[in-house]
Each structure stands twice: as C-alpha cells, then as structure tokens.
Amino acid sequence: MDTSPVRIAVIGCGVIGPLHITCYQHSPGARVDCVCDLVEARAKGAAEKYGVPRWTTRAEDVFADPEIDAVSICTDHASHAALACAALAAGKHVLCEKCLGHNGEDVEQMVAAAAARPELVAAGVFQHRFDPLPRAVHDLVQKGLLGTLISIGGIHNCYRAREYYEADAWRGTLAGEGGGVLINQSIHYLDLVLWVGGTPLGVHGYAANLAHQGIIETEDTASVSMKLRSGALASFLSTNASHLGWFTDLYFTGTEGFIEIRDNTPFQCLFKDPERQEAVRKRLDAAIASEAEAKGKGYYGAGHQAQIDDFIGAIRNRRAPYVSFADAAVTARAVFALYADSNR
C-alpha cells in the first residue's frame, strides 16, 4: 500500500465544504492541498482559516493539477455532474455531496462516467449510512432478525425560513437545486429507508408547495409510496414547513419484530420472541453507546468523518467505497421518479 498522503482539493467552500476540510484534516493519510470556490473571498477565506496552502476560483485548475489526487464536490446540485465527470476524466478520485445531480440525466451521466473509470474511486455522500444506529438496523434486517420485511416508513419534519433560501440563489429552484425538501433536507432519511429495504420497483406520490409560496418554486412537502425489490412496501413523508426544527421517525416492520427509531434513538423494539427482543435491544444500545463517542456537527451527524475515512481508505487500498455513485444513484432516482409522478 502506498504510504504517501492522498492530496485533496475541496471544491465549494460554502455550507458543507468546511466540514469536508476539517474531516480530511482528521483523516489519517489525507492532506488538503487546495480549496476552490467561484467566490474568491470564500476560497481565500477557507484557505486562511483552515491552513490550506493553495486556493483557486477555477475548478479547471484543480483538474489540471498533477499534485491533486482526489476532489470533494461541495457545490450546488446543478454543478455536480459537470464537475464530477470532468474530475474523473482528469484521473481524479471523487467524493460528491448529495444529491448526485439535479435531474435524472445528471445522475446517469455520473454513474456512466464512474463506470468508465473503474480504477478511480467515485463515492456519493450519504453519511448516515455510517452512523452506528442505522448500520445496526441494516445489519439486523440483513441477518433476518426481523423475519420477512413487510413495511418500512419514515417521517422527516424540519423548518426552512425565507432567509435560508435567500442566502443562496440556487436554493429552492428547479434549475439550481432540482427540487425542494425531498432532494435536500429529507434525502438522507429516504436513503436510509431504501438502504435497509432495497431498491424501489415503483415510486408514486405527491409533492407540493404548501407554505413557501412566493419564496421557492419547488416543493416544501412530499409524500412517497414505494414497492421495494425485497417485496416490502415503503412510505415516506417529509416537509420543511414544520414548526419542528428537526424531527425524524423511521420504522421497520417484519414478521418477527418491529423497530422504531425516533430522532436517532431506539423508541420501540418489539419482537415475538423475548430472547430475540433482548438481543436486538442490546445491539441497538451498543450502537447508541458507540455513536455517543463519535464526533459530529448538528443534524449532519457523525457520519461525514467516517465516510471521508472510508473514501481515503478506498483510494489507498484500491477498493470500492462503501457508498459508490451507483449506490447513491438508487436514492436519487427515487427522488426524480417521485417528482415525475407528482407532475403527471
């Protein structure tokens, strides 16, 4: 294994870019050599704040730089596909924030670009797959502890005010974001539903702007109904017009048991077999204990550090990442399928 550091450029120094920089700086074997942002003050400011030796306003400079091994893409949704495909074409490994693209064509373009360069690591950010509690639930379902999976559901409520959308022109627009609450705030929890339950065979539902008229042109509320390849049925409700700052509720029903996770805490654990219930409860409690020791930032959770560590490990060990572009595309496709169904 090559022991030299993986040299990173972070593209996009707005909301999430600084978290990527910090995580790389805590990741063994990684070194942030450059930051990039279209806004010169943001690029220069991030370089100075985090001690990064170089900054630029041109992504092309990053892709042409032989000293850069990999990039983190932390920009608006609409720019993800062009940046990721250019980076892969230039021989750079890529970690791209959600959502992979702002429409279905973007997503397929990115998946194809990654498939054309199998020697490179192309990973999509879904950091909650790395959180101990969701991983425990995923493991329990995969091992059949819940029996035959029957239904999965989720609710995600949060609030986004006018000021949030006015802070960046791309937010709440079809051209810049591709959608609203489902593609942005709630996509992580929809992803957990699909990661545990499996690929959807059919996606139906509605998306509506119920409380942000005159502020955004996308949805602030969505209702999703899905049939999964596993045979289970799934539903998901989300809104960013709620008075609740951030609330999640995920449930998993099988023939042998039921698990409900509310705000990342086991809320109910009910099984036919008392011994199995006790074993599952101990597994969930262990995950919570593990999560309490991890470092995170607000509702982003602790998973970014783990995902960035995995990305660096995949590059250094020449293996696939835990969440590839193809993996992340499953959830992105579900989002765009819902939008298409809602607009019929």
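**A tour of helices and aromatic rings**

Start by selecting Gly144: this residue, just after α6, takes a positive phi of about 80°. Helix names follow DSSP runs (H or I, at least four residues), numbered from the N terminus. The model is predicted, so local features need pLDDT of at least 70 and side-chain atom pairs count only at pLDDT 80 or more, while totals for chains, interfaces and linings use all residues. Residues are numbered from 1 along each chain as its sequence is written, and side-chain values use heavy atoms, with hydrogens and water left out.

Next, select residues 132-142, which make up helix α6. The helix is mostly covered, with 8 of its 11 residues buried; buried means under 20% relative accessible area, exposed over 50%, and partly exposed in between (1.4 Å probe, protein chains only). The buried residues of α6 are Pro132, Leu133, Pro134, Ala136, Val137, His138, Leu140 and Val141.

Now turn to the aromatic rings. A search of the whole structure finds 6 aromatic pairs. Rings of Phe, Tyr and Trp (its six-membered ring) pair if their centres lie within 6.5 Å; planes under 30 degrees apart count as stacked, over 60 as edge-to-face and the rest as tilted.

Select Tyr164 and Tyr165. Their ring centres are 5.0 Å apart and their planes stand at 85°, so this pair is edge-to-face. Tyr165 is buried, with a relative accessible area of 6%.

Arg160 lies over the face of Tyr164, at 4.9 Å from the ring centre. Arg171 also lies over the face of Tyr164, at 4.0 Å from the ring centre. A charge sits over a ring if NZ of Lys or CZ of Arg is within 6 Å of the ring centre and within 35 degrees of the ring normal.

Move to Trp195 and Tyr322, an edge-to-face pair with 6.3 Å centre to centre and 80° between the planes. Trp195 lies in helix α8 (residues 187-197) and Tyr322 in the loop between α10 (303-317) and α11 (325-342), so the pair ties together parts that are 127 residues apart in sequence. Trp195 counts as buried at 12% relative accessibility, whereas Tyr322, at 30%, counts as partly exposed.

Last stop: select His304, in helix α10. His304 counts as buried, at 3% relative accessibility. Leaving aside residues up to four places away in sequence, His304 touches Ile16, Leu19, His20, Cys23, Glu97, Val125 and Gln127; contact means heavy atoms within 4.5 Å.

Note on methods. Helix = DSSP H or I, 4+ residues; strand = E, 2+ residues; numbered from the N terminus.
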